[in-house]
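Work through the exercises below with the model open. Try each task before reading its solution.

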Amino acid sequence: MKPTPAAAVALLAVIAAVLLIVLLAGSGTLLYSAEGNTNTSDHADPSTIAVMTTEEAETILPLMVDIIGLSYDAIYQLYLNDPEYAARYLAAYQNTVSRLGTNVGKIKLTQTDINQYRKESSALGTSIQIVQEDSVRLDVIEDLKQQYASEGNTAGLYQLAAESTLINNELALTAQNYAGSAEIMLQIAAYYGLDATQLQASIPLLNQVITAATSGKITVTTDAEGNIIITDTSGTTTDTSGSITLSVDPGIASYGDTITVSGIARNTRPSLDIYWDTTHWGTVSTDTTGGYAKRLTVGQISEGIHAVTVQSGGITSKPVYITILSKPSVVTILKADQTAGEVHRLLTLYGSLRTEDDIPVVGAPVTVYSEDHINIGTGITNTNGIWNVSAELIDGGYAFYAVFDDASFPLDESMSDLYPVMILDPTIYYILLVVAGGVFLVLIIRFVRNRKPKAVPGEAPPLILGNKPAAPSTVEKIRTRIFKKEDTDPDRLRRIYKKTAAVLAAVAKIENVAVFTPRELLAAIPSPAEKIQEFITTYEYLHYANVSAGPDQIQRLEILSKQIIEGYYEK
């Protein structure tokens with residue numbers, strides 16, 4: 001059959017309405033591609049797509065833009081050689097990154113590229129902080145060199161030269177780490193249409209800062225493809241009368257792995273110091289031939305490439321680079337203890353932090369939050385990976401979760417499940433125990449008193465003398481139901497009805513009259529008299545019709561009730 005124009009118009013109207021509903025339902029949401037996926041629609045895994053409302057996007061995206069601007073501002077102040085203002089911008093930068101992390105956690109975007117942006121932003125801030133601190137330290141070293149030279153302090157000059165070498169190595173690595181983090185942030189920012197020109201400009205600007213801080217001894221440039229080129233133009237900075245060779249095995253490691261640092265030291269002190277970047281890692285002594293070897297465990301070392309060096313006085317080895325990989329971590333809440341106080345209860349939560357292969361994480365901070373994201377406190381793990389956090393709380397029900405997200409460890413961040421806790425005054429337990437004991441005692445007494453005496457074997461059972469009470473008559477049953485206690489119901493209509501209903505229930509042999517409606521009670525009475533029907537109908541109208549009963553109606557109801565009760569008494 002050929003469709004009519006009216007039917008076609010109706011069909012188009014339905015389609016338009018459906019599309020409008022879909023658009024309205026879909027408005028206010030933005031889809032975010034999960035980390036690890038490309039930005040093409042045919043490559044994204046639908047199960048890893050995160051959804052944010054427009055309101056949430058208005059909270060997240062401005063923070064991402066602020067991070068871009070503050071990174072450039074902090075580095076520009078370093079370029080102007082103003083560490084004080086650089087520190088202010090860096091503090092604002094780190095605060096913004098922290099706010100982004102909080103919002104990412106609340107909106108459940110921890111598995112998306114938004115969180116990857118936040119992680120790279122944190123690494124970027126660490127790089128800025130290293131450059132700031134190293135630049136200040138190199139200025140101090142230059143002043144100390146002049147002082148030691150005037151004093152003839154040769155040993156001090158050797159020590160400063162070794163420290164300068166370590167700092168130069170660290171700055172060279174920092175330039176690479178900064179560029180790597182910035183590149184990932186640029187890709188994510190471009191995907192969301194953010195202006196990242198300041199972040200792009202900060203990369204060569206940071207290279208100029210490093211070149212200036214090292215007085216040209218380390219030159220950082222960028223080739224045509226954007227790769228970082230680091231040139232060491234410092235020449236020798238160590239005592240040529242001695243030398244230290246160094247090897248590190250393996251060259252790639254993760255948290256908990258054991259690394260062997262070994263080599264040969266000639267014409268040096270017998271005690272050698274081992275550094276990764278500028279952080280002291282351990283001490284080793286040489287043998288009679290100058291050889292040394294020490295096994296070290298990867299602990300609080302951030303993910304990435306690090307320079308390992310060995311020094312003794314003014315003699316420093318050439319750096320050997322080691323790559324530290326990150327691995328998953330597992331944070332859990334194990335138990336809770338409560339201590340009574342005058343007003344609050346001291347709650348202590350205990351938990352553990354371990355790697356995915358069950359290695360305890362030592363010296364790591366774990367922060368506990370309430371289920372509404374309020375910071376309760378931070379605990380540091382011990383040698384067994386156990387942490388604890390205490391807080392004073394009032395009585396009530398709570399739920400907590402623990403978070404580990406310290407980037408100074410080569411471990412992925414993790415969050416525990418919610419851990420419910422009920423905080424009660426201990427005296428309540430004693431009260432409940434006393435009440436339970438009292439109930440148990442009453443049950444025992446009643447059991448003993450109601451127990452019949454047993455006959456002794458071989459004897460006749462004892463006789464219990466007493467007259468069997470006579471069964472009550474119908475009139476006595478009615479009288480007992482009506483007058484066994486005074487009805488205190490403030491509703492006069494209800495008092496009249498309950499007294500009359502008791503009589504009718506006794507006659508109809510109804511035991512649970514309280515659960516019967518008036519109409520059900522009337523149906524249960526065999527052949528009800530006309531006055532009974534009038535009584536039930538009148539009460540049902542006055543009680544359920546939401547009307548105010550007048551004196552005449554109440555008086556009529558009382559008369560009917562009296563007639564019904566007296567009529568059954570006569571029987």
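**Exercise 1: a residue in a helix**

Thr174 is buried, at a relative accessible area of 3%. Buried means under 20% relative accessible area, exposed over 50%, partly exposed in between (1.4 Å probe, protein chains only). This is a predicted model: local features need pLDDT of at least 70, side-chain atom pairs count only at pLDDT 80 or more, and totals for chains, interfaces and linings use all residues. Residues are numbered from 1 along each chain as its sequence is written, and side-chain values use heavy atoms, with hydrogens and water left out.

Task: find which residues Thr174 is in contact with, leaving aside neighbours within four places in sequence.

Solution. 
- Locate Thr174 in helix H5. Helices are DSSP runs (H or I, at least four residues) and strands are too (E, at least two), numbered from the N terminus.
- Apply the contact cut-off: heavy atoms within 4.5 Å.
- Thr174 then touches Ser127, Ile130 and Val131.

**Exercise 2: two helices**

Task: state at what angle H5 and H6 pack.

Solution. 
- Take H5 (residues 154-191) and H6 (residues 197-213).
- The angle is about 175 degrees, and the axes are 10 Å apart.
- That makes H5 roughly antiparallel to H6. The classes are under 35 degrees for roughly parallel, over 145 for roughly antiparallel, 65 to 115 for roughly perpendicular, and oblique for the rest.
- H5 contributes residues including Leu171, Tyr178 and Leu186; H6 contributes residues including Leu199, Leu206 and Ile210.
- Sort the contact residues: 11 nonpolar, 3 polar and no charged. Ala, Val, Leu, Ile, Met, Phe, Trp, Tyr, Cys and Pro count as nonpolar, Asp, Glu, Lys and Arg as charged, and the others, Gly among them, as polar.

**Exercise 3: aromatic pairs**

Task: classify the pairs Tyr255 with Phe409 and Tyr497 with Tyr539.

Solution. 
- Recall the rule: rings of Phe, Tyr and Trp (its six-membered ring) pair if their centres lie within 6.5 Å; planes under 30 degrees apart are stacked, over 60 edge-to-face, the rest tilted.
- The whole structure holds 9 aromatic pairs.
- For Tyr255 and Phe409, the centres are 6.4 Å apart and the planes at 50 degrees, so this pair is tilted.
- Both Tyr255 and Phe409 are buried.
- Tyr497 and Tyr539 are stacked, with 4.3 Å centre to centre and 5 degrees between the planes.
- Tyr497 lies in helix H9 (residues 492-507) and Tyr539 in helix H11 (residues 530-544), so the pair ties together parts 42 residues apart in sequence.

Methods
Axes are lines fitted to C-alpha atoms, for helices over the stretch in contact, and angles run from 0 to 180 degrees between N-to-C directions.
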